[in-house]
Amino acid sequence: RILRYKITMRSDDRLYESKHSHFGPFVAFDSGRCTVPDCDNMWKTYGFNMGCQPLNTSRVTYISPFVTHHGGRGCAPNCYGALWYSLP
């Protein structure tokens with residue numbers, strides 16, 4: 001089953017000024033704790049932001065009805081591929 005949520009978010013200014021992106025690095029959470037090395041330093045540097053990572057379209061059969069990757073970032077032919085989000 002696929003769940004979709006419509007949210008409104010705003011990235012920390014430190015992240016946007018540094019990376020020119022509204023999404024930070026994807027951060028894995030297990031049992032309510034960050035399991036990515038150096039989480040504390042990343043959050044101190046960029047603030048608490050939503051992370052995003054594209055999923056491998058050869059392994060995931062979900063195709064979005066919406067463009068999920070913009071051209072110029074190597075999206076073709078995967079412009080409608082699935083995304084995985086992390087919420088701190």
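User: What does the accessible surface of the protein chain come to, and what share of this surface belongs to carbon and sulfur atoms?
Analyst: Happy to start there, keeping in mind that this is a predicted model. The accessible surface of the protein chain is about 7,200 Å². Carbon and sulfur atoms hold a share of 52%.

User: Which residues make the nonpolar surface patch of about 760 Å²?
Analyst: Residues in a patch need over 30% relative accessible area. Tyr85 in strand E4 is partly exposed, with 42%. The patch is made by Tyr85 together with Leu3, Tyr5, Ile7, Met9, Phe23 and Leu87.

User: Is Ser86 buried or exposed?
Analyst: Ser86 belongs to strand E4, which covers residues 83-86. Its relative accessible area is 5%, and the cut-off for buried is under 20%. Therefore Ser86 counts as buried.

User: Which backbone nitrogen does the side chain of Ser86 reach, and at what distance?
Analyst: Good one to check in your viewer. Setting aside neighbours within four places in sequence, the contacts of Ser86 include Pro25, Phe26, Phe29, Asn49, Met50 and Gly51. Val27 is also in contact with Ser86. The side chain of Ser86 reaches the backbone nitrogen of Val27 at 3.1 Å.

User: In what order do the elements of the protein chain run from the N terminus on?
Analyst: The protein chain has 2 helices and 4 strands. Helix H1 spans 13-19 and strand E1 spans 29-30, with a loop between them. Another loop lies between strand E2 (33-34) and helix H2 (39-46). From the N terminus on, the order is α-β-β-α-β-β.

User: What is phi of His20, and is this residue buried or exposed?
Analyst: Most residues other than glycine have a negative phi. His20, in the loop between helix H1 and strand E1, has a positive value near 55 degrees. With a relative accessible area of 60%, above the cut-off of over 50%, His20 is exposed.

User: Where is Asp38, and what is its phi?
Analyst: Asp38 sits in the loop between strand E2 and helix H2. Asp38 is exposed, because its relative accessibility is 53%. Although Asp38 is not a glycine, its phi is positive, at about 70 degrees.

User: What share of the contacts with a separation of 6 or more joins residues 24 or more positions apart?
Analyst: To finish, here is the chain as a whole. Of its 88 residues, 22% count as buried. Among contacts in the protein chain with a separation of 6 or more, the share from residues 24 or more positions apart is 59%.

How values were computed. Residues numbered from 1 in each chain as written. Predicted model: local features only at pLDDT ≥ 70, side-chain atom pairs only at ≥ 80, totals over all residues. Heavy atoms only, no water. Buried < 20%, exposed > 50% of the residue type's maximum accessible area, 1.4 Å probe, protein only. Polar contact = N/O pair within 3.5 Å; in protein donor to acceptor, adjacent residues only side chain to side chain. Contact = heavy atoms within 4.5 Å. Areas by Shrake-Rupley, 256 points an atom, 1.4 Å probe, with all protein chains shown as cover. Patch = residues over 30% accessible without salt bridge, like charges linked within 9 Å, V, L, I, M, F, W, Y side chains within 5 Å. Salt bridge = Lys/Arg side-chain N within 4 Å of Asp/Glu carboxyl O.
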